[in-house]
Amino acid sequence: MEKGPWLLRSKGRFFLTLFFVLAVPTAVLVLLIATYVRKDLQRQAIEHNSLTARLVSQSLDEEFYGMQRFVEGFARRTKLIESVEKRDIAMMRGKLNEMISINAKFSRGFLADTNGNLIGDHPLREELIGKNFAHRDWFKGASKINTAYVSEIYQRVNMDQLDAISVCVRVQATNGTHIGFLAAQLTVDKLAAWLQAVKPSADGLVELFDQRGTPALPNKSKRPDVFRLDDLKKKFQDKEGWVRMTDPLSGDESILTYVAVPKCGWTVVARQPLHQVFGPVDILLRTILIFFVVCLAGTGLIGYVLFDTLSKHDTRRRLSEQALEKQAVQLKNSNEELEGMCYSIAHDLRAPLRAMRGFTSALIEDYDNVLDSNGQNYTRRIDQAAGRMDELIQDLLDYGKLGHVDLPVETISLQSLVKEVLGFLAQEIKEKQACIDVEKSLPNVKANLTILEQVFTNLISNSLKFVALGIPPQIKISAEVRGEKVRVSVRDNGIGIDQAHHTRIFGVFERLHGYETYPGTGIGLAIVRKGVERMGGTMGLESEVNKGSCFWFELPKA
């Protein structure tokens, strides 16, 4: 017995193929989708964080700029300059009190001489007067520039020891001489509280770092200073960018987007944990994974049932194929026997017909003068009936042959073949006084020479036959190339065919007119159509009553 398909020869092979066809592509597709979605979510998070950081940076830049301009303007006040020149502590305290009263952002103000020694402050701390603060960043920064300087974050020395920053500017006498420094101090708590209100997400955070990398955190906060780590310092060399890193405290990986504050050298960092960025898609992926496993198990169960069903079906199919092959052999033998019997019957039938026609011919020739008019008429009608019967048997044999014999195809010149067929029909064409118009340069086709000759003979004979009485037939034979096909048309000026009969006329024994009006067996067009189809072509008809007909067929181009 013949083996079944390769896939159904073992269960292992079937399930392995099923796994690679269904499971692997699905897993790869899900992985690609997940990778794409995660990249897109990361891109969106970076864009969102960058936008937040830019807005915060712009706001801080404007805020710092306003504080710098305020302190610079206050340092140019005459009374302040006079108090510094005279070292009038009471006057200096009064002006410092006025400064922090005008701008509520500042919690403390102080004055220092050119060497960094404190000469006045408010609120007053007597123990700090005269103390040198030249080591402070506010003093170093303001000493290098002529405009107000925003210092690094530092811990102030008074009792609360809060983290603070100072906006410091030189104090110059009316003649331009540098006589000291004016500084306005604000605590980091105020900046941190403002930053808490600006978040990129529920778990995200906006952080502010000074020039040295110290974070502006709420006082007594214990979160590690991630910005001071060496790897971040290397990555934060640009004024704007982003980086992924792990938070030392929580262990969560986050996206850090940083933007510099232009005028003071500080940096804004927007931080968003990755679990929040990828959380929804991770939940979706886990759901898809569970669904995939369930589907895979279901597919395995269905595959088992399918394998069993297909195996049984394949067995039945192979048994059916063997039975069909056996029946085909029997049918072929039967057809051969039937064809032989048909030829024998046709021969046996045609033999008495030929005898009948022979005797009727003898009667007509030898006894025509003896028979009266009725006898002569009966004799001729017997002869015509025998001739019709003989023609009918021959046409049936020709039609039957088309379904069984091999039809080798070859390259055929339509021009030569049409010329040859018109030669065969020359006598009939002359009698009908027909006008035949053959298109020049007809193309070559792939067809069987004998069948194609029979097709042209039948179509041209019909065009000569089916015309109105007294009208000479006009026949036009043309062809056109349509891609890989050649359409051949035989058009006439005959009686035409009603559209309702366009399909019917290609049937066997189908006649639209009586034999006395238009003789024939009614098999000619059936033979034509079957012959064209056996050669791999198609055939059709365009016709209207009293407007002629156009029979066309298409064959492969040579």
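Reader: What should I know about the model before I start?

Author: It's predicted, so local features need pLDDT of at least 70, side-chain atom pairs count only at pLDDT 80 or more, and totals for chains, interfaces and linings use all residues. Residues are numbered from 1 along each chain as its sequence is written, and side-chain values use heavy atoms, with hydrogens and water left out.

Reader: Which order do the strands take in the open sheet of 4 strands?

Author: First, the general idea: strands of a sheet pair through backbone hydrogen bonds, either parallel or antiparallel. Strands here are DSSP runs (E, at least two residues; helices are H or I, at least four), numbered from the N terminus, and two strands pair if DSSP finds at least two bridges between them. In this case the order is β7-β10-β9-β8, with antiparallel pairing. At the edges, β7 (205–209) and β8 (240–246) each pair on one side only. From one strand to the next, the twist averages 25°; axes are lines fitted to C-alpha atoms, for helices over the stretch in contact, and angles run from 0 to 180 degrees between N-to-C directions.

Reader: How many bridges join β9 to β10?

Author: There are 7, between residues 253–260 of β9 and residues 267–273 of β10. Look for V259, which stands opposite V268 in β10.

Reader: And what is the pairing in the sheet of 5 strands?

Author: That open sheet has mixed pairing, in the order β12-β14-β15-β17-β16. Its edge strands are β12 (435–438) and β16 (538–543), and its twist averages 15° from one strand to the next. Antiparallel β16 and β17 (residues 549–556) are joined by 6 bridges, with S543 partnered by S549 in β17. Helix α9 (residues 414–424) lies across β12, β14 and β15, at about 170° to β12.

Reader: How many aromatic pairs are there?

Author: Rings of Phe, Tyr and Trp (its six-membered ring) pair if their centres lie within 6.5 Å; planes under 30 degrees apart are stacked, over 60 edge-to-face, and the rest tilted. That gives 8 aromatic pairs. W138 and F139 are edge-to-face, 6.2 Å centre to centre with 85° between the planes. Ring pairs also link F110, F133, W138, F139 and F181 into a cluster.

Reader: Is W138 buried or exposed?

Author: Buried means under 20% relative accessible area, exposed over 50%, partly exposed in between (1.4 Å probe, protein chains only). W138 counts as buried because its relative accessibility is 2%, and F139 is buried at 10%.

Conventions: Contact = heavy atoms within 4.5 Å.
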